[in-house]
Each structure stands twice: as C-alpha cells, then as structure tokens.
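Dear colleague,

Please find the structure for your review below. My notes on strand pairing follow it.

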Amino acid sequence: MKNMKYLNVLLLALLVGFASCDDDDVPAAENEEEVIDNIVLTFTDDDTGDEFVFEANDPSGSGSFTYDDIEIKANATYTLSVEFNNAAEGESITEEIEEEADEHMIFFEFTNNIFANPQGNGNIGAGSRDDALNYLDQDGNGQPTGLSTSWQTGDAVAGVFRIVLKHQPDNKSATSTSTDGETDVDVEFPIAIIR
Amino acid sequence: MKHLFSTLLFLIVSTLVMGQQDCRVNCSCSIKGKIVDAQTGKAIEFASLQIKGTSKGSTTDSDGLFEFNDLCETEVDLLISHIGYKQLTHHHDAFHNDPVVQLAPDNLILESIVVEDKAEKDLSKSSSISTIEGREFEEIKSESLGDALSSISGVSTLTTGSNVVKPIIHGLHSNRILIINNGIRHESQDWGQEHAPEIDASMAEGIELIKGAAAVKYGPNAIGGVILINPPKMELSSHFHGDINLQAESNGRALDGSFLFQKGFENFAWMVQGAGRYQGDLNTPDYQLTNTGLRESSLGVGLRFHKRQWDFETHFSHFEQKLGILRGSITGNIEDLADAINDEIPDFTEDFSYEIKAPNQEVSHDVLKLKASHNFTNSRLDLTYAIQYNTRKEFDVRRGSNADVPSINLELMTHTVDAEWLHPTVNDWEGTLGIQWLYQDNNNVEGTNTIPFIPNYNNGRIGVYIAETRSLSTNTTLDIGLRYDFQNASFRGRDSRNDIFIVDENFQSVSGIIGIKKTLNSNSEMRMNLATAWRPPNIAELFSYGKHQYTNQYGFYRYTNENGNITTDVVLDSDDLSVGNELGYKLIGTYSYANSKIILEVSPYLNVIKNYIYSAPSGIINTVRGTFPLFVFKQTDALLSGLDATLKIKHSEPISSKITGSYLYARDIKNDDVLFNMPANKISYQINFTKSLGNVEWDNKLEVSYNFEQYNAPRVIPAQTFVDDRNFNPFATDDSNFDFTKAPEGYTLVNASSTLSFKQWVVSLRGKNLFNTTYRQYTNLIRYFADEPGINFELGVQLKL
C-alpha cells in the first residue's frame, strides 16, 4: 500500500496549497503623468495688451477634446503663448518642455494665407521647416521652440489652426521637421478673424 | 473523469496485487547493450566489460553486443575498455535499458559516451519529434533560442529586430507553444509578441521539438507544439569534463562566451555552467541599426545524489538580459508611423555604439528545481517542485523625469509541483499517470507613472493525465492519452478612473491524444497522431489596456463596440461577454525512410483551432497625440495546414547534402479571411564536405536558402491614407483584415561555415548572409521601419576538457 499512501499525501498537500495561496493585492493607483488634457492658447495684443484665451480640454481623459473657437481681431499683431497641462494631476507640462527645450518643438499649420504674417499655411510637413513662421523663443542651441510666437492678422476670415508638439530627443536640429520624432500633441482649433 | 480515476485505481491495485517478480530475489537480473566506435559507429568486437567490485566480466561479440545474466542487482557500475580506446565507467540502472556505449579512439578529442534508451521521453511514440544536439547544436547554440530552433523545418521566428526572437511552430507562437526547460514549464510574460523566452540556448546540451499538440503530458498551451530544452546530463562515475567556448562576431561587434564543468562520483554528480554576451548596434548592408545592443548573462548549478533506488536532483539557474530595440521603430501617432514607413533610413540612425538607450527591455528569470525519483521494482515515481521568478521592465522613450522610469514593470512568481508515475506494464500497456499543480502570482511594480497595460493576476491550476502506449503487433504501436485541467484565475486592476476592479474566472478543459507508429519495412516507418490541446485566453487578450508602441490595444473585457462606436472606459467579465477557450485539433503524420544513401522525412499536418484569438486593427482613435490605429482582440476559427520535408543524401565520401522545405497555408475559416504574421514558406539546400587530415578533422558547410514572399498577407491600406483623410474608415466597403504595408519580397540567403577540430580544440569560422543581401522578413515586427542585418562573420574557439 506504499504507493497509495504517497498519492494520498500528495493530493492533500496540493489541495492545502491550492487553498492557502489566495492573495488579493491590487496594482497601486498610477498617475498618468504624461497625459496632456488641457491646452491653453493666450493671444496677447501687442498694442493694447488685451489677452484672448482659448482652451482645449479633455476632462474625461478619454482623448476626445472639446475646443474653444479661436476669435481674434483683424489687422492686429499678437504674441501667442502656448501652455500644456495635465489638469487631472494639476501639473504643468510647459515647464518640462522649457527644461527640455532642445528636445521639443511646436509646429503650426493653418488655412492658407489666413494671416498677413506669416503668410502661407505654416511649417508642418517634410519640406516645410523653413516656411514662414515667427518664433520668438529659442533653445540652448539657438533653435526655436514655439512656446512663444508672433502673428499678424489681416482681413476677417475663418479657418482652422493646428498645433503639433514634437518630442525630438537627440534629433532636433536646424533641419529637423515635423516628420521627425514623436508627436506629443496634435490638435486643431477652429479659428475666426473678426472685425 | 470518473473513468480516468477508475483506470488509475485499477492500475495501482493491479501493480500491488500482481506485482511482478523482483529479479533481485532470485538473482535473475540482466543487462544487455552494445559497444560501438564513437567515430565510425561500427561495432567493436572483443571489448571487455567488468562489473565494478565483482569478478563478473564479459566481452562483446562480432556485432558489438554484450549481455550479463544472473545478476542480483539492477544497478551496477560497468567498467568498459578496449585496446586503442578510452576507458569508461558507466553507472547502469534498471530504467535506462540497453545502453549503447560509444568508445572514442585514444587519439581523438572525442570522449567516450553512453547513449541510453530514452526511458521516459518517447512515451508518445507516434509524435513527430525533431532533435538538434551534438556538433550540430554546438554550432548554433550562441544564437537566440528562436534562431537556434529555426534550423528545424517547420520552425520559423517571430522577431522584434534581431534581439527579440520567438520560435513559431507551424504558424503558432507565444501562448500557443510550450517551452519545457529542464523539465519545467517555462512561465513568463509570453503574451507579448515582443517578449522572447528568457532562456540562453548556450546553456543547453540539445533541443527537442514535438510538432504535435502534446498537451496531455505537458498541459495547456501546447496547441502548436512543445519545445524541450535539455541541460547537460549529470552522469555518475564520470571524470571531470566540460568545455569553454569563446566567440567573436563582426556584425554588432559582439563577444559571446560560455563554459561548462561537471564531474560525477559514485553517488554524486555536479555541474556548473555560465554564459554571457556583449553586443553593440547591428548594421544592415546600408546603415546602422541604432540601439540594437544586447547584454546577456546566465548561470546554472546542478547537483545530483543517487542512493540505490533514490535519485535526487536540484538545479538552479539565473538568466538576465538587457536588450535595445531599434530607436527608429518607435513612433507616435499614425502620421509618425506613415513618416517612419516612408523613411529610407530610420530616424535617429547614428554611428556604431555599444550603448543601450530607450526603448529597451530588462528581463530576468530564476529557476530553482528540486526533483526526487524513486525506482520501485518495476515502476518509478518522479516528484518535481520548481519555483520560477520572472521580472520584466520595459523602458519607452519618455519625457523629463519619466525617461528613466519603466512603462511596464512586472514580477511573476510561479510554483509548480509535478508528480509522475511510470506504472508497471499491465496487459502490455506501458505508460504514466501524472498530476500537475501550478500557482502563479503576477504583480505590477508601483511607480511606472502610467496606467498598467495588464492588471495583477493569480492563477491556480491542477491537471491530471494518463498517457499509455501498447504494441498491437510486432510492427505497430498504439498511443492514447487523456488529460483534464481546471484553472482558477483572479484579475485585479484599475479602470480608466483608477477605480479598482476584481474579476474571478474559472477555465477547464479535457485534452486527448491517439496515435500509431507503424514500421513498414526495415527502411521505413510511419507515425501519425491526432491530438487536442487548449488554452484559456491570456491576460493581454482579456485585459490589455492602452498604448503599446504605435497602437492602442484593448482586450476583450476592456471595450465595447456599438455600431462602430468603441468605448474603452468599461470593465466586463464573463457574464457580459463569453470568451471561449482556444481549442486546437492537430493531425500530424510523419513518414520516414532511411537507407545507406538517403534519409527522407516528410510530415504533413492539419491544425484546426476553434476560438482562435488574434489582435487586429479595427479602426482609428483620436487622441491629444493625434490619430492612432486602434487594435482590439477578435475571436474566430483558424485552419493551419502544411508540410515539412527533409532529405539527407550521402554522396560519395566526403560529400553529403541536405534539403529542407516547409510550406504553410493559414486561413480564418469563419470569416474566409487571411491571418496576420504567418511565416512565409522556405526551402534550403546545404552541402557538407568533411575530411580527416591526420589528427585534424575538417568540416565545411555551405547553405543556400530561399524565403518566399508571404502571398497570403492581408490587403494593404497605407498609413498615409489615414493621414490624408482623418476620418477614413478602412472597413467601409470591405471588412477583411488589412496591413499598413505589403509583405516583403522573397529573398535568398547564403551562409557558410568551416570547422577545424584537433585534439581538444575546435576552431570555427562562420559567415552569415555572405552576399550582404538587403531584405526584410515578414514576421519581424519592425519590418515597417528597417532592413534585416547584413553580413556577419563569427569566429569561435572551443576547448573541450
């Protein structure tokens, strides 16, 4: 009966083991630190100092944004500052971009000739890096970042205004374009230039 | 179930009641065997044998056969000697019948060895088994496990660049094949296509591959086949021996080394082995593959104690690896993907470097195995306990303080207990009864600063099986087997609002096998078996959530799809959605023919898989980072059918050649559609030239292989289409699967090697992709972005101790 005894002991050991190994640990709540769920565009009129603020928001974190309609005045010159936030975490992503300015660049695209200056449709696309755009800031290597830009409006017109934030670690250069690196932000606002 | 247990009970009772005569009682034990020349394989006549500690001796006859009769012991030490050959002591026990002793001539580097009848492995005699061992294995063991296996027809590789290599057997990989490393089921995060098995092939002595659905003995997941990785055997009464290997490679400027030392005493044997690899960026014929470096190290220690009927074995191994993934293969949204596909040379390509930056993976795997065997008079009981600890960290390209924080950080602990009883022969039935228990605990390590891709989970599983074999006539053997498994799994994770969810699920299934082996005549035999296997849906298929490389991927329980509107803020369970087990039915036959000139082996197979699970693009999702392809898991029925063939021809000395080919046809038979990432067909021709120059053996090989284009690939919708039209619906008029690029064209590769062996030294020079061909492989996940590596020279030196 030796064999039988072995088997009994074994089965018992297995079942005891089976029952005792319950644990119910849950993964810790991780904060999605890299999510950008709030984008703020502040157009400041260079002459009057008037500020026009427009936002894009994703309160649910699902990725589907709601956009304010951009409305700025015709025949004026604006300084645009762009801010990126993780509102859910109360965190400013803009600061990180400033710290790593040599790895980031913002590119713009808009309805053709909607602005008096820059003319054209922006600098997004493989061969468009040197297309007209008025960057006001630069990184440690003398390359533009795009957190601050200048825009001059002409006649009243409506269209779209797209912002693309690229993460270009190791490959941001005088010739890098919006097709290099990874896209951190790609959003498109409706825009109206009004009298 | 009831039937299984009553069979089990019957077998136990019949053993005890009938209990065959113990030969030791009346001194009627016997040993038979054969002695051959290790170099030529020819029988040695007049070799002398003696049983250690006694005066009993014997010599071999003209066929090299010897026999001892009227022994009072089943276990003895045999001293074997012959003039001009190296002497050998062999420990014989009752469970390794008919030893074949290969005596090495004195002047050769070869050691004398004993090849024992495989007492337990070949239980399923009807299975199609391929083996790589000996010199053939030594030539490829510095490669990854997947690459080493791909020299077997019917095996291909699923890769992510050159560092992450997974074996594909007959079109199936990952959770659909089982890897048994040193007798233990290798348990890791194998749900990921870019998660390679954490095993160093250079620590093994040989690899066996079972191409059938061998689930009965090995358990769930063996739908495509089973890979057995066999470490060096710890032989008793063996002198100090082993080897030291060093290898340098031109592509990647890699250095690779391994060592093995072992020794056996009368009741005790030990082994120590280690291996390491240091590799920098690889290069294609035209450019550097930046960030494809690799570091790997492994260590193994084994001890064996033997005392009369008892045999104890313990084995510990540690493996760790850090591997870089091509920097240019990481893209953001679909526009970035389109840009990367269009780039001739991948983004971020730099000069050669050994440095590994993000993206990379750091993995480790530890195994402790304890095994006890007890030989009864005519049965044997094996008990094995193993603990495995697997860690995986994946680093992505991230911003700021998260750059050094892994995006995936997992710990997996697995305990297994296996009990197997080789029962005494009952009415001509030989076989085993077994019970296998497994407990797993998988946890996310805190601090990734991103929502976990898979939740925490625990698995408990118990399986019982019986596998029997019986001779029906002198030339026909029948195999049958049956298994039942029950698995309980509890999943604990966080939903999109960081709220806790807990889902508890049970899975169970029965698997079976029936097969025959028939010897047709003295030259040919036929094996055929029909086997079923199953697997429960894996963790990623049920619960994966979020961004993984350039896709957003959601498991069955993490999304709902209402008229094309995909919602991902839900957590379902089996009450909401029934996700069935994958059930595989595989029929495989093998016809083999051998005479003094040729060896032919042909294996056709047919595998039908119900509830086949795969991930496919099902649309696009708009996020703050732009448009992403949205991948969800789907379930269908698949058919995989094909043929493997190998023909070896011995031309006049010293030339021989080998032709291998594999063909696979795969289809989604429910939706009449093609399947993703099925390996393309392949043929290869190899010519060998071997010559002995005095004490030096010179062995040369030239191999030409052609890989066909995968003609059975999905339709193509270029990524650019999604960029040009942000609301493009790929399924508007056609609901079949699609891919972003066409399958790569067919290509020819030429490899060659030349090996010199003299005394204890083996020096080899190998060239791979000798014509520096530019090509891409369909089953490489980075084929969108970069070419495969170009020419590579490997110089290896081996010292045998």
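Which residue in strand 36 of chain B is the bridge partner of Gly584(B)? The partner is Ile609(B). Please note that this is a predicted model, in which local features need pLDDT of at least 70, side-chain atom pairs count only at pLDDT 80 or more, and totals for chains, interfaces and linings use all residues. Residues are numbered from 1 along each chain as its sequence is written, chains are lettered from A and ligands numbered from 1 in the order in which they are written, and side-chain values use heavy atoms, with hydrogens and water left out.

Strands here are DSSP runs of E with at least two residues, numbered from the N terminus; two of them pair if DSSP finds at least two bridges between them.

Strand 35 (residues 582-594) and strand 36 (residues 598-623) of chain B run antiparallel and are joined by 10 bridges. Three residues lie between these two strands, which form a hairpin. Strand 36 of chain B also pairs with strand 37 (residues 626-650) of chain B, in the antiparallel sense over 23 bridges. Here Gly619(B) stands opposite Leu630(B), and the hairpin formed by strands 36 and 37 of chain B has two residues between them.

Further along chain B, strand 38 (residues 655-668) is antiparallel to strand 39 (residues 682-693), with eight bridges; Ile659(B) stands opposite Tyr685(B). Strand 39 of chain B in turn pairs with strand 40 (residues 696-707) of chain B over 12 antiparallel bridges, with Lys691(B) opposite Trp698(B). Strands 39 and 40 of chain B form a hairpin with two residues between them, and Gly694(B) in the turn has a positive phi of about 65°.

With kind regards

How values were computed
Helices (H or I, at least four residues) and strands (E, at least two) are DSSP runs, numbered from the N terminus.
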